Amino acid sequence: MPGLDETNNESYRYLRSIGNTWQYDVDDLHPKMLSRLYKRFDTFDLDSDEKMEMDEVLYWPDRMRQLVNATDEQVEKMREAVYTFFFHKGVDPENGLTRENWVEANRVFAEAERERERRGE
């Protein structure tokens with residue numbers, strides 16, 4: 001995946017749809033945050049192929065069943081929430097999200113959420 005923009009990322013798409021031209025700049029991110037985000041990516045990238053896929057993140061709700069004895073209904077509700085969250089974070093259901101784009105996807109998601117909050121959405 002080359003880079004992220006409104007053609008391949010839901011958060012950029014939202015921002016552009018409301019006239020917001022915010023663009024990710026790696027120089028605006030503290031090195032500790034960068035390190036933390038990459039560590040989080042590595043947690044979700046179960047097969048360590050530097051690509052997070054939706055199936056990998058949907059593994060975690062199933063773990064909830066084992067850890068807290070969740071019901072099928074609870075697991076399904078969590079799967080729906082995790083799917084929605086990671087889809088808007090930039091994990092494409094077909095193509096996943098590469099490690100190189102993970103940090104930008106997180107930052108644009110945060111910017112889109114700030115904009116939604118400002119607009120009362």
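The chain exposes about 7700 Å², of which carbon and sulfur atoms supply 47%. Accessible areas were computed by the Shrake-Rupley method with a 1.4 Å probe, and for residues only the protein chains shown count as cover. The model is a predicted one, in which local features need pLDDT of at least 70 and side-chain atom pairs count only at pLDDT 80 or more, whereas totals for chains, interfaces and linings use all residues. Residues are numbered from 1 along each chain as its sequence is written, and side-chain values use heavy atoms, with hydrogens and water left out.

The chain contains 6 helices and 2 strands, arranged along the sequence in the pattern α-α-β-α-α-α-β-α. Helices (H or I, at least four residues) and strands (E, at least two) are DSSP runs numbered from the N terminus. Along the principal axes, the C-alpha atoms of the chain fill a box of roughly 45 × 35 × 30 Å. Of the 121 residues, 35% count as buried; buried denotes a relative accessible area under 20%, exposed over 50%, and partly exposed the range in between (1.4 Å probe, protein chains only). Among contacts in the chain with a separation of 6 or more, 60% are accounted for by residues 24 or more positions apart, a contact being defined by heavy atoms within 4.5 Å.

Helix H1 spans residues 10-17, and its buried residues are Ser11, Tyr12, Tyr14 and Leu15. Viewed down the axis of H1, these residues fall within an arc of 160° and therefore line one face of the helix. The arc is that of the directions from the helix axis to the C-beta atoms. Cover for the buried residues of H1 includes H5 and H6.

Helix H2 (residues 31-44) comprises 14 residues and reaches 20 Å from its first C-alpha to its last, close to the 20 Å expected at 1.5 Å a residue. The expected span is 1.5 Å times one less than the number of residues in the helix. Leu37, Phe41 and Phe44 are buried in H2. These residues cover an arc of only 65° around the axis, which puts them on the same side of H2. On the other side of H2, Pro31, Lys32, Arg36 and Lys39 are exposed. The elements covering the buried residues of H2 include strands S1 (51-52) and S2 (97-98), together with helices H3 (54-57), H4 (59-68), H5 (72-89) and H6 (99-118).

Two loop residues were examined for their backbone geometry. Most residues other than glycine have a negative phi. Glutamate 50, in the loop between H2 and S1, has a positive phi near 65°. Asparagine 69, in the loop between H4 and H5, likewise is not a glycine and has a positive phi of about 55°. With a relative accessibility of 66%, asparagine 69 counts as exposed.

Helix H6 holds both alanine 105 and glutamate 113. Alanine 105 has a relative accessibility of 0% and therefore counts as buried. Apart from its neighbours within four places in sequence, alanine 105 is in contact with Leu4, Asn9, Lys89, Gly90 and Leu97. The C-alpha atoms of alanine 105 and tyrosine 24 are separated by 8.8 Å, the two residues being 81 residues apart along the chain. Glutamate 113 is partly exposed, with a relative accessible area of 35%. From glutamate 113 to aspartate 55 the C-alpha to C-alpha distance is 24 Å, at a sequence separation of 58 residues.

Aspartate 5 is located in the segment before H1. A relative accessibility of 29% places aspartate 5 among the partly exposed residues. Aspartate 5 and glutamine 23 are 18 residues apart along the chain, and their C-alpha atoms are separated by 8.7 Å.
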